[in-house]
Amino acid sequence: MTEQPDQVTVTLALSPRWVTLLAVLSEDGHGPVETVIYQLIDHAQQGVYRPGSWERGWLTQAFGYDWQSRLEPDTDDTTADGRVVFQRPVRPCPNDPPCPHPRSTHVHDAIGWYCTGFDGEGENEGCACGAIPDGSDPGEDDDDG
Ligand SMILES: [Zn+2]
Ligand SMILES: [Zn+2]
């Protein structure tokens, strides 16, 4: 686990009891516990972006269902034949001030971003978001996927 320049370091303070318990999950039962925690986190992040994974059910047992409303289809990470199978965190409205609708309901034209106010479910309530032209492109592809 050599740290790369684009990685985020997370520091955890754990009780000795937790470390002893988690170390049991390592190959020889004595650690290093960092390897165990890294593997747990790897499974967790897979459960977030892969709806069909066994980890999704695991996360649902631990965290419930509500967090899944904070995901949207990942249209940037598709299969070889173009199918959308993964999810990503809902990206915020690119306008200032932001509206409550997900980024996926927003369309960019020559004037700027505007919101259709419709995510494909229920009524289209409309949205005034983006009515004030800003003339700038906030950047469609500024996330790392
Ligand atoms: Zn908006
Ligand atoms: Zn909106």
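Author: A nonpolar core is a set of buried Ala, Val, Leu, Ile, Met, Phe, Trp, Tyr and Cys residues joined through C-beta atoms within 7 Å. Buried residues have 20 or more other C-beta atoms within 10 Å of their own, exposed ones 12 or fewer, and partly exposed ones fall in between, with C-beta atoms placed from the backbone. This is a predicted model, where local features need pLDDT of at least 70 and side-chain atom pairs count only at pLDDT 80 or more, while totals for chains, interfaces and linings use all residues. Residues are numbered from 1 along each chain as its sequence is written, and chains are lettered from A and ligands numbered from 1 in the order in which they are written.

Reader: Which residues form the largest nonpolar core?

Author: Start with the background: of the protein's 145 residues, 8% count as buried. The largest nonpolar core has five members, namely C93, W113, Y114, C115 and C129.

Reader: Which residues is C115 in contact with, leaving aside its neighbours within four places in sequence?

Author: Two residues are in contact if their C-beta atoms, placed from the backbone, lie within 7 Å. C115 belongs to the largest nonpolar core. Beyond four places in sequence, the contacts of C115 are C93, C99, H101, T105, H106, C127, C129 and G130.

Reader: In what order do the elements of the protein run?

Author: Helices (H or I, at least four residues) and strands (E, at least two) are DSSP runs, numbered from the N terminus. Here the protein has three helices and four strands. Reading from the N terminus on, the order is α-α-α-β-β-β-β.

Reader: At what angle do the axes of α1 and α2 cross?

Author: Axes are lines fitted to C-alpha atoms, for helices over the stretch in contact, and angles run from 0 to 180 degrees between N-to-C directions. The axes of α1 (residues 16-23) and α2 (residues 33-49) come within 9 Å, and they cross at roughly 75°.

Reader: How are α1 and α2 oriented to each other, and which residues make the contact?

Author: Angles under 35 degrees count as roughly parallel, over 145 as roughly antiparallel, 65 to 115 as roughly perpendicular and the rest as oblique. α1 and α2 are therefore roughly perpendicular. On the α1 side the contact uses V19, L22 and A23, and on the α2 side it uses V33, V36 and I37.

Reader: How many residues of that contact are nonpolar?

Author: Ala, Val, Leu, Ile, Met, Phe, Trp, Tyr, Cys and Pro count as nonpolar, Asp, Glu, Lys and Arg as charged, and the others, Gly among them, as polar. In the contact of α1 with α2 there are no polar and no charged residues, and the number of nonpolar ones is six.

Reader: Which residues does a cis peptide bond join?

Author: Look at the loop between α1 and α2, where P32 has its place. There, with omega about 5°, a cis peptide bond joins G31 and P32.

Reader: How far apart are the axes of α2 and α3?

Author: H43, A44, Q46, G47 and V48 in α2 meet E55, R56, W58 and L59 in α3. These contact residues divide into four nonpolar, three polar and two charged. The angle between α2 and α3 (residues 54-63) is about 100°, and the distance between their axes is 7 Å.

Reader: Is R56 buried or partly exposed?

Author: R56 lies in helix α3, and leaving aside neighbours within four places in sequence it is in contact with G47, R50 and P51. Since 17 other C-beta atoms lie within 10 Å, R56 is partly exposed.

Reader: Which residues does V84 touch, not counting those up to four places away in sequence?

Author: V84 sits in the loop between β1 (71-73) and β2 (87-89). The C-alpha atoms of V84 and D74 are separated by 6.5 Å, although the two are ten residues apart along the chain. Outside four places in sequence, V84 touches P73, D74, T75 and T78.

Reader: Over which residues is the pLDDT below 50?

Author: pLDDT is the predictor's confidence in each residue, from 0 to 100. The protein averages 83, and 83% of the residues score at least 70. The pLDDT is below 50 over residues 133-145.
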